[in-house]
Amino acid sequence: RAHRCTRLGHTFSLNKPCKTLRKRAVFLIFSQQTRLGERLEDMGWKITTVIVLAAVVTGLFLSGAFKKTPEPLKIQDNYWGRGAKPTSKSKDEGKIDGITVNVSDASLVDLKNRLANTRLFEALENMEFQYGFRLDYMKTIVAYWKDKYDWRKQEAYLNTLPHYKTKIEGIDVHFIHVKPKLKPGQTAKPLLIAHGWPGSVFEVYKI
């Protein structure tokens with residue numbers, strides 16, 4: 001006999017009641033949902049794996065792991081001095097001379113005179129630094145350099161380290177060479193510290 005299951009909307013040519021058919025249909029639907037869930041779970045792992053691999057490859061690419069090792073820079077024979085490049089090497093090129101920081105008294109007197117003759121400007125009222133240097137602060141700075149700054153004291157401090165000068169490619173280069181005090185059995189590696197601009201070698205005195 002053909003039984004029609006009204007809930008499922010199908011006719012089954014089986015001699016079994018609708019209740020049994022509904023149970024089988026529910027089992028089939030549940031089995032299909034279980035298989036679909038397993039497929040989605042398996043697909044989720046695959047997608048996660050692909051995303052992780054893509055992230056790793058992207059990180060390696062950004063870090064430069066796939067870049068070729070750059071060729072070392074070629075040392076060129078340049079000249080940065082004034083005028084035309086000399087045809088023959090100067091006798092001072094590469095020569096190292098020890099120097100002492102020593103500013104003449106005449107230079108310091110001239111500096112104080114120029115500070116004393118500073119032409120100050122008329123400032124706007126109730127203004128900070130919106131339109132340039134604040135007048136009262138400028139006066140403080142000028143007074144400090146003219147009356148309070150002890151150049152000779154700073155000069156003596158600068159000379160606590162050995163200073164040298166050499167000429168490289170036409171330019172005078174000032175540097176400090178300090179050797180560490182090593183204990184027996186200790187070794188040291190050379191360390192080059194360069195300051196930027198604006199700046200000075202005084203920035204590294206406390207190292």
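## Basis of the description

A residue is called buried under 20% relative accessible area, exposed over 50%, and partly exposed in between. Phe121, at 37% relative accessibility, therefore counts as partly exposed. The structure described here is a predicted model.

The mean pLDDT of the chain is 79, and 78% of its residues reach 70 or more. Over residues 1-16, pLDDT stays under 50. For this segment the model has 29 contacts beyond four places in sequence.

## Overall architecture

The chain contains four helices and five strands. Read from the N terminus, these elements follow the order β-β-α-β-α-α-α-β-β.

Of the 207 residues in the chain, 8% are buried. The chain exposes about 19000 Å², and carbon and sulfur atoms supply 59% of that area. Among contacts between residues at least 6 apart in sequence, 49% join residues at least 24 apart.

## The loop between α2 and α3

Phe121 is placed in the loop that runs between α2 (105-116) and α3 (135-148). Together with Phe129, Phe133 and Tyr137, Phe121 forms a nonpolar patch on the surface. The accessible area of these four residues together is about 380 Å².

Leu124 is also located in the loop between α2 and α3. With a relative accessible area of 56%, Leu124 is exposed. Between Leu124 and Arg134 the C-alpha to C-alpha distance is 8.9 Å, with a separation of 10 residues in sequence.

## Thr166 in strand β4

Thr166 belongs to strand β4, which spans residues 163-168. Its relative accessibility is 10%, so Thr166 counts as buried.

The side chain of Thr166 reaches the backbone oxygen of Lys95 at 2.9 Å. Leaving aside residues up to four places away in sequence, Thr166 touches Gly94, Lys95 and Ile96, as well as Ile171, Asp172, Val173 and Phe175.

## Salt bridges

The salt bridges in the model number six. One of them pairs Arg152 with Asp105, whose closest N and O atoms are 2.4 Å apart. Arg152 lies in helix α4 (residues 151-158) and Asp105 in helix α2, so this pair ties together parts that are 47 residues apart in sequence. Arg152 is partly exposed, at 30% relative accessibility, whereas Asp105 is exposed, with a relative accessible area of 56%.

A salt bridge also links Asp147 to Lys146, with 3.0 Å between the closest N and O atoms. Asp147 counts as exposed at 53% relative accessibility, while Lys146 counts as partly exposed at 25%. In a further salt bridge, Lys167 pairs with Asp172, and the closest N and O atoms are 2.9 Å apart. Both partners are partly exposed: Lys167 has 23% relative accessibility, and Asp172 has a relative accessible area of 47%. Elsewhere, salt bridges that share partners join Asp105, Arg152 and Glu155 into one network.

How values were computed
Residues are numbered from 1 along each chain as its sequence is written. This is a predicted model: local features need pLDDT of at least 70, side-chain atom pairs count only at pLDDT 80 or more; totals for chains, interfaces and linings use all residues. Side-chain values use heavy atoms; hydrogens and water are left out. Patches are made of residues with over 30% relative accessible area and no salt bridge: like charges are joined within 9 Å, nonpolar side chains (Val, Leu, Ile, Met, Phe, Trp, Tyr) within 5 Å. Accessible areas come from the Shrake-Rupley method with a 1.4 Å probe; for residues, only the protein chains shown count as cover. A salt bridge is a side-chain nitrogen of Lys or Arg within 4 Å of a carboxyl oxygen of Asp or Glu. Helices (H or I, at least four residues) and strands (E, at least two) are DSSP runs, numbered from the N terminus. Buried means under 20% relative accessible area, exposed over 50%, partly exposed in between (1.4 Å probe, protein chains only). Contact means heavy atoms within 4.5 Å. A polar contact is a pair of N or O atoms within 3.5 Å; within protein, one must be able to donate a hydrogen and the other to accept it, and residues adjacent in sequence count only if both atoms are side-chain atoms. pLDDT is the predictor's confidence in each residue, from 0 to 100.
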